[in-house]
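Good morning. I have one structure to go through today, and I will keep to how its two chains meet. Please have a look at it before I start.

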Protein chains: 2
Amino acid sequence: MYNIGIDLGGTAIKAAIVDDSGKILIKDKVPTGSERGYEAVMKDMAMLCLSLIGKCGLKISDIRKIGVGCPGTPDKSNGILIYNNNLGMRNVNIRKELQKYINLPVFIDNDANVAALAESISGACRNTKDSVTITLGTGVGSGVVIDGKLYGGFNYAAAELGHHTLIMDGEQCTCGRKGCYEAYASATALIAQTKKAALEHKDSKIWEACKNDLDNVSARTAFEAERMGDKVASMVCDRYIRYIGEGLVNIINIFQPEIIALGGGVCNEGARLLDPLKEYIAKYKYTKEETPASKLVIAELGNDAGVVGAAMLTE
Amino acid sequence: MYNIGIDLGGTAIKAAIVDDSGKILIKDKVPTGSERGYEAVMKDMAMLCLSLIGKCGLKISDIRKIGVGCPGTPDKSNGILIYNNNLGMRNVNIRKELQKYINLPVFIDNDANVAALAESISGACRNTKDSVTITLGTGVGSGVVIDGKLYGGFNYAAAELGHHTLIMDGEQCTCGRKGCYEAYASATALIAQTKKAALEHKDSKIWEACKNDLDNVSARTAFEAERMGDKVASMVCDRYIRYIGEGLVNIINIFQPEIIALGGGVCNEGARLLDPLKEYIAKYKYTKEETPASKLVIAELGNDAGVVGAAMLTE
């Protein structure tokens, strides 16, 4: 028996047939085209699943369930996507829509939770029961696995770790509050921090790294300028890493997970990111040396986390 | 069958025989006298249990287990108090010490966790599966109950919600970091905020409320001065409540518990505290109106939470 995982994103619908260990047998994608309305998107999701089943020479009866991960707020118990901003969907019954075409159990959850589940089963957090996966991207995505299961709270909306305050009344966050972790530790925040430093320091090599056009600034720019020997860029990187670290200490004090996996493009910086973070955590975490400490690692599944985790979803 | 709960505090050892519903049959206390060394304290704990059993006309075989709650870091699986600052205890095997006198299963946990368990079983959070109890006292104590069980993380040290940042690099916290929730929302913090406001405003009625002696300032003083019509005190209260609220929003975004119980003396302020907190949470929580919202209530068990929760401890 196999499972199908679907990663419903703003630009593409990705799907894969996945075995129980999290190994992908086959994967494929089609454009989302959400402007066509949710019914067309749901039909394409179902057709993509059927084509994968066909290509593998499997039958629907070889598939146990379908899982769907997508940004937004899910009603997990009913398989309904309550709200998704960038797909323009509201109260879409994904379970019922998919079951029009394929009569299999359908489970849904948000993309950050799904990625955390994937890492916990076959990624950087495998062989642990309690883990947290943090994805530093446009926002700060997060999922918490407790005793092998995704933690959702009583309304399935928990584990929004990007939306705890790092600095009350600080930077404006997209959620409406000021000072959230996301407003300091996301890739978006790093880009803003890099641009601000460039504007304040006209002689910084950040300008060289972005070819004198701030529109070219990415989450890599400050690290690139630092490698060119630029002190301003170095300060931007150090401070950004401190922001990440401060939130990680909070997460450790709150959850004490066996392991935390960090994901997102910025993790390509490797030891430049991880080493000072480990040092920061060791220095500031609440528990002292007598108590076993959470490990910090880089997430492993990258773009596959969405389909693998979705395939692993259960009730 | 009954359970015994022991609340091992800095000044007193309290103990009670408690039934499975959390009802206290009998309770009593003796001075801790920790300066005598841990063996004398452990013996007194055991003797107190035996005297309660005798007074009730019960036998040891009528008791299922003994639970002990105390400040500090427990090793729950081995019943060892790893570290307790104000009792001066380090690596005390409470289980083994008590079993020298009474051959019953012994479980331990820290006092904030024990209080949260008590509230979830027979206090303000009864009939819920997921709850958080926050105690605003000398520090900010907290316990998280998930699916009816205390959440401890992989090392039993989790749920230190008082030690997440409200303002990075802000007020010095006792844990060594700066800007923790505890440094803004504890009763200790409110006292400091009240004193500071008094020093900055010599005409404030805070002075009248503390009889012109800042050593008299308690967590009630600012609220009392506010009732005298003092604007400065009112500002102190508003800001303190905002600090509490900011952390509660974080806790909701992170855990989405069905219910949060607030404890500690300051909760005697009732609606003056609770109403603006509810408003603040409704305004700033991450989830919007489509998603069921966590309830906020005042903890109910007060000083009994320690013995009741300890009696309810399990493996």
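How many residues does the contact take from chain B, and how many from chain A? The contact takes 48 residues from chain B and 47 residues from chain A. Keep in mind that this is a predicted model.

Next, the area. Together, chain A and chain B bury about 4200 Å², and 58% of that is on carbon and sulfur atoms. On the chain B side, the residues that lose the most area to chain A are B:Phe154, B:Met168 and B:Ile254, together 18% of what that side buries.

Do the copies meet through the same surface or through different ones? Through the same surface, because 96% of the interface residues of chain B are also interface residues in chain A.

On to the polar side. There are 4 salt bridges across the interface. One of them joins A:Arg242 to B:Asp169, with the closest N and O atoms 2.4 Å apart. Counting polar contacts between the chains gives 26 residue pairs.

Last, what the chain B side is made of. Helices α8 and α9 of chain B each supply at least two residues, and α8(B) gives the largest share, 8 residues. By class, that side has 22 nonpolar, 14 polar and 12 charged residues.

Conventions. Residues numbered from 1 in each chain as written. Chains lettered and ligands numbered in written order. Predicted model: local features only at pLDDT ≥ 70, side-chain atom pairs only at ≥ 80, totals over all residues. Heavy atoms only, no water. Contact = heavy atoms within 4.5 Å. Buried area = accessible area lost by both parts, 1.4 Å probe. Salt bridge = Lys/Arg side-chain N within 4 Å of Asp/Glu carboxyl O. Polar contact = N/O pair within 3.5 Å; in protein donor to acceptor, adjacent residues only side chain to side chain. Helix = DSSP H or I, 4+ residues; strand = E, 2+ residues; numbered from the N terminus. Nonpolar A, V, L, I, M, F, W, Y, C, P; charged D, E, K, R; others polar.
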